[in-house]
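Colleague: I have some questions about the assignments here. Shall we go through them in turn?

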Amino acid sequence: MDPKMITGAEALMRALMAEGVETIFGYPGGAIMPVYDALYQYTRPAHARLRHVLVRHEQAAVHAAEGYARVSGRVGVSLVTSGPGATNTLTGVADAMMDSTPLVVIAGQVSISQLGSDAFQEVDLVGVAQPISKWSYQIRSAKDVAWAVSRAFFIARTGRPGPVVLDFPSDVQKEFCEWKPAIVDKVAGYTPYPEIKMDMLQAAADLINQAKRPLALVGQGVELGHAHEELLAFLDKGDIPAGRTMMGLTALPSDHRLNVGMLGMHGNYAVNLKTQECDVLIAIGMRFSTRVTGPFETYARKAKIIHLDIDFAEIDKNVKTDVAVVADCKVSLPALTALINKADHSEWISSFEPLNKIERERVIEPAIHPQGGPLLMGEVVNAVSEATKGDAVLVTDVGQNQLFSCRYFRFPKRRSIVTSGGLGTMGFAMPAGVGAVFAAPERKVVAFMGDGGFQMSIQELGTIMEQRLPLKMILLNNNYLGNVRQWQDMFWEGRRSFTRMMNPHYEDICRAYGISYGLVVSREELQERVDEMLNATGPYLLECAVNEEDNVLPMTNPGCSVDEMKLSI
């Protein structure tokens with residue numbers, strides 16, 4: 001056989017390496033076996049060029065790739081088989097689509113001759129993935145592998161990032177072709193980086209220059225666009241206070257003088273109330289989620305709204321804007337900064353402080369420095385945050401653990417939070433933490449989970465065991481699906497319908513997996529156990545027995561305006 005001829009599976013390996021891939025998260029099966037056979041030669045210790053991380057469930061392969069992508073800034077890669085292997089990835093694909101995470105998910109498929117016959121483990125993956133991915137495509141010829149992979153990575157990483165799904169029939173994996181590298185750097189009809197319209201830029205600058213009470217809303221788009229320095233220069237010149245969305249928490253350092261807190265339903269009191277007082281609102285790389293805005297018709301009623309975003313689809317989708325600047329924020333922010341005047345809004349900024357003081361006294365201090373009573377989630381988060389001295393990557397699951405973590409963890413460094421924002425996927429933290437450790441092995445990675453989310457991905461303790469990953473897991477155990485319980489108490493007359501959890505003995509589970517374990521019951525031992533966890537080599541689970549009745553505050557009730565935020569229940 002001509003030595004230039006290789007299989008489609010081998011072509012995939014070469015194409016992935018051409019894209020700079022180093023780590024793959026996956027789970028093998030029948031329809032992807034030719035690819036795994038090709039991968040075998042690339043992972044041998046003597047001359048390893050790729051690293052494969054065997055997860056314990058295909059959904060975890062995608063969440064791990066998400067964690068890797070969020071922390072590294074690179075495209076995450078998952079490899080799975082057909083049928084249930086592929087459909088198990090779809091929650092992760094949808095999660096990545098909602099949160100603009102660049103992924104390439106490669107799934108095996110039955111042979112082309114069997115397509116449409118209801119063959120064993122056949123699913124129309126392209127069809128089911130299309131609405132929840134940036135691009136889905138079936139590779140039907142080995143000679144197209146290099147092109148399809150290059151196109152997939154180009155689409156996943158450019159513009160507003162997102163997940164791409166490649167469907168790879170098993171006979172195409174075994175088919176021979178001549179290897180020809182491909183570089184895709186443009187796609188017909190796809191404009192990842194729109195050109196700035198100067199009239200819109202000038203109109204935005206005019207509004208900002210006239211503003212007496214400007215407020216910036218900073219989203220993950222700043223992080224995705226690597227525009228941290230550009231954001232700081234813009235805010236400093238305009239003297240503009242800035243709130244951050246949950247996904248944008250590390251776009252601006254927690255201790256920056258212009259950072260006025262987290263936006264949203266469980267965000268900070270002052271920034272939410274002041275949204276209704278500002279006269280110009282500048283949204284930067286955020287999508288106006290209802291968790292941030294409340295009812296659209298009551299949102300920012302006094303403000304002219306400027307929206308900076310890379311995606312045309314976000315403009316006027318939820319909130320009607322007065323000026324839209326559609327471009328990469330790494331380009332639009334410095335261009336806008338050049339047009340705005342050096343300003344002094346110290347009086348406006350100082351008006352946040354009385355509200356901040358109210359929240360500190362009534363909510364924050366009781367949450368992180370309680371006087372007696374059971375251990376609280378907020379004080380656990382605060383203890384871990386202080387002990388890691390700002391160097392850690394925070395990974396959260398979904399629920400009360402997520403909300404307390406995002407409120408009380410501090411972020412001086414970029415790319416330091418991995419959470420499921422748009423989809424709110426329970427079971428996210430443990431596999432995402434796996435990916436985060438591979439992305440930043442030099443940093444501490446701490447993953448906060450509730451007892452519900454922990455048990456949704458408990459099998460990934462096997463991945464952590466096998467890889468000996470130094471993931472530090474903090475289990476905030478309140479024996480409830482806490483966030484649902486809180487809503488039941490508030491809005492369903494206290495009928496706690498199926499939210500109490502019967503939990504296993506987690507120490508025994510950790511012992512079975514060879515993972516170090518600690519238990520905190522009282523605050524007197526909290527600091528010692530946290531230090532023990534952080535100083536331990538390898539993985540560690542710290543179970544914290546927290547108050548079953550703990551509630552996340554402040555809170556804006558569903559359907560209420562952001563200035564109707566409550567400090568107590």
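Colleague: Which residue is the bridge partner of A447 in β18?

Modeller: M473 is the partner of A447. Bear in mind that this is a predicted model.

Colleague: What makes β17 and β18 a pair?

Modeller: A pair needs at least two bridges between the strands. Strand β17, residues 445–450, is joined to β18 by five bridges, so the two count as paired. They run parallel.

Colleague: How do you know that β18 and β20 pair?

Modeller: The cut-off is again at least two bridges. β18 and β20 have six bridges, so they qualify, and the sense is parallel. Within this pairing, N477 stands opposite A545 in β20.

Colleague: Why is β18 called largely enclosed?

Modeller: Buried means under 20% relative accessible area. Six of the six residues of β18, residues 472–477, are buried, so the strand is largely enclosed by the rest of the structure. Both faces take part: K472, I474 and L476 point one way, M473, L475 and N477 the other way, and all are buried.

Colleague: Now the six-stranded sheet. What is its strand order?

Modeller: The order is β11-β10-β9-β12-β13-β14, in an open sheet with parallel pairing.

Colleague: What makes β11 and β14 edge strands?

Modeller: Each pairs on one side only. β11 covers 259–262 and β14 covers 323–326. Neighbouring strands of this sheet are turned by 20 degrees against each other on average, direction ignored.

Colleague: How do you know that β10 and β11 pair?

Modeller: Two bridges join them, and at least two are required, so the pair meets the definition. β10 spans residues 242–244 and runs parallel to β11. A242 stands opposite N259 in β11.

Colleague: Which helices pack on or lie across these strands?

Modeller: One is α11, residues 228–238, which touches β9, β10 and β12. Its direction makes about 170 degrees with that of β12. Another is α14, residues 329–339, which lies across β12, β13 and β14. α14 runs at about 135 degrees to β13.

Colleague: Why is T293 called buried?

Modeller: The limit is under 20%. T293 has 0% relative accessibility, so it counts as buried. T293 lies in helix α13, residues 290–293. Leaving aside neighbours within four places in sequence, T293 is in contact with F288, Y299, V319 and V562.

Colleague: What makes the phi of S100 worth a remark?

Modeller: The phi of S100 is positive, about 55 degrees, although S100 is not a glycine. S100 lies in the loop between α5 and β5.

Colleague: Is S100 buried or exposed?

Modeller: S100 has 6% relative accessibility, which is under 20%, so S100 counts as buried.

Colleague: Which residues of α22 are buried?

Modeller: In α22, residues 482–491, they are G482, N483, R485, Q486 and Q488. These buried residues pack against α18. E493 follows α22 and has a positive phi, near 55 degrees.

Colleague: What is the omega of the peptide bond from L553 to P554?

Modeller: Omega is near -5 degrees, and the bond is cis. P554 is in the segment after β20.

Terms used:
Residues are numbered from 1 along each chain as its sequence is written. This is a predicted model: local features need pLDDT of at least 70, side-chain atom pairs count only at pLDDT 80 or more; totals for chains, interfaces and linings use all residues. Side-chain values use heavy atoms; hydrogens and water are left out. Helices (H or I, at least four residues) and strands (E, at least two) are DSSP runs, numbered from the N terminus. Axes are lines fitted to C-alpha atoms, for helices over the stretch in contact, and angles run from 0 to 180 degrees between N-to-C directions. Contact means heavy atoms within 4.5 Å. Buried means under 20% relative accessible area, exposed over 50%, partly exposed in between (1.4 Å probe, protein chains only).
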